[in-house]
Amino acid sequence: MPQVVVDVVLKPEISDPQGQAVLGALGRLGHTQVTGVRQGKHFVLDVEGTPDEAELRQIAETLLANPVIEDVELHLSGV
Amino acid sequence: MRIGVITFPGSLDDVDAARAVRLAGAEPVALWHAEHDLKDVDAIVLPGGFSYGDYLRAGAIAARAPMVQDVVDRARKGMPVLGICNGFQVLCEAGLLPGALTRNSHLHFRNRDQRLRIERADTAWTSDYATGQEIVVPVKNGEGRYVASPAELERLEGEGRVAVRYVGGNPNGSLRDVAGVTGEDGRVVGLMPHPEHAVEDLTGPSTDGLGFFTSILEAVVSA
């Protein structure tokens, strides 16, 4: 069954306190090469038949992500 | 006067909201999110809680509930709607109010009595207050940080859309201390703090919250 991957991240101008907490933990663990962390969501959709990209984009942009605060990327590769 | 209170799976404060409606002198009407029957109510309250466990984003799945789509249609025709806490999150997710509510900047759930300033005393839900009046009601949230793009915030401030602001400390990192906003026509209002928990001396830090529920009586009668 084809799979479609949707990645959702906060827009750059929206602060990400969870990512900052992860960054703080990395610093305490001595991982100084990491200078920034942005946390997001990763959805894997099982799709029946040939994926309808327009419909999937609508799903991603209107439900999986909130366009007020989040950017969304649709990955149809591997389908 | 009939004021509907919508219950979702995971709503917590629907009973308190109904109680506040009754104490204000109106008839609370229990509504169920999965139905389409608004039971001829004159106004609607979306209560606090954790609808659908806050899965995906707080309020995101509730905003797509059958009844919320009806509420959006009716609100666009002028029906007054108040969203409290999770209800505010639902109204933002449904596109009725601008901006979004995100994880608190300090990552902690914050529960305390909170001082607020009424910035707009001319909305359907705040007309019993005076502009600039300060009130104290409980605030309790983990995802209450109000955000919008800088340009959007400027526009909202310019249009006077910030209805309620935190004073004496910001509990969640909300931009510009925004505690609540109003729609363009002043009939849809959303706020993170809980006026329905401050309507009786016995259980609240004050009775300051009752004004939200008495204001709507006048708004509906005069409409």
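Predicted model: local features only at pLDDT ≥ 70, side-chain atom pairs only at ≥ 80, totals over all residues.
I started with the strands. I traced an open sheet of 9 strands in chain B, in the order β2-β1-β3-β4-β11-β10-β9-β6-β7, with mixed pairing. At its edges I found β2 (27–32) and β7 (134–141) of chain B, each pairing on one side only. From one strand to the next, the twist averages 25°.

Next I went through some of the pairings. β4 (residues 81–84) and β11 (residues 188–191) of chain B run parallel and are joined by 4 bridges. I asked myself which residue G83(B) stands opposite in β11(B). I found G190(B) there.

Then I moved to β6 (residues 110–118) of chain B. It runs antiparallel to β7(B), with 8 bridges joining the two. R117(B) has E134(B) in β7(B) as its bridge partner. β6(B) also pairs with β9 (residues 162–166) of chain B, over 3 bridges and again in the antiparallel sense. Here L116(B) is the residue I checked, and its bridge partner in β9(B) is Y166(B). A reminder to myself: strands of a sheet pair through backbone hydrogen bonds, either parallel or antiparallel.

**Entry: helices on the sheet**

I looked at α1 (residues 14–24) of chain B, which lies across β1 (2–7), β2, β3 (43–46) and β4 of chain B and runs at about 175° to β1(B). Helix α3 (residues 86–93) of chain B packs on the sheet too, touching β3, β4, β10 (178–182) and β11 of chain B. The direction of α3(B) makes about 120° with that of β4(B).

Which residues of α1(B) are buried? I listed D14(B), D16(B), A17(B), A18(B), A20(B), V21(B) and A24(B). These buried residues pack against β1, β2, β3, β4 and α5 (210–222) of chain B. Just after α1(B), I noted that G25(B) takes a positive phi of about 105°.

**Entry: cores**

The largest nonpolar core has 73 residues, and V21(B), I44(B), V45(B), V81(B) and L91(B) have the most contacts inside it. I followed up V81(B): beyond its neighbours within four places in sequence, its contacts include I44(B), V71(B), L91(B) and V188(B). Another core lies apart from the largest one; it has 7 residues, including V6(A), V8(A), L64(A) and V72(A).

**Entry: where the chains touch**

How many residues does each chain put into the contact? I read off 10 from chain A and 14 from chain B. On the side of chain A, the largest share, 3 residues, comes from helix α1 (residues 17–28) of chain A. By class, I have 6 nonpolar, 3 polar and 1 charged residues on that side.

I also checked α1(A) itself. Its 12 residues reach 17 Å from first C-alpha to last, close to the 16 Å expected. Just after α1(A), G30(A) takes a positive phi of about 90°.

**Entry: N66(A)**

I found N66(A) in the loop between α2 (53–64) and β3 (70–75) of chain A. Buried or exposed? N66(A) counts as buried because 24 other C-beta atoms lie within 10 Å, and the cut-off for buried is 20 or more. Leaving aside its neighbours within four places in sequence, I see N66(A) in contact with R57(B), A60(B), E93(B) and A100(B). Last, I took a distance within chain A: the C-alpha atoms of N66(A) and Q18(A) are separated by 17 Å, and the two residues are 48 apart along the chain.

Notes:
Residues numbered from 1 in each chain as written. Chains lettered and ligands numbered in written order. Pairing = 2+ DSSP bridges. Axes fitted to C-alpha atoms, helices over the stretch in contact; angles between N-to-C directions. Contact = placed C-beta atoms within 7 Å. Nonpolar A, V, L, I, M, F, W, Y, C, P; charged D, E, K, R; others polar. Core = buried A, V, L, I, M, F, W, Y, C linked by C-beta atoms within 7 Å. Buried ≥ 20, exposed ≤ 12 C-beta atoms within 10 Å, placed from the backbone. Expected span 1.5 Å × (residues − 1).
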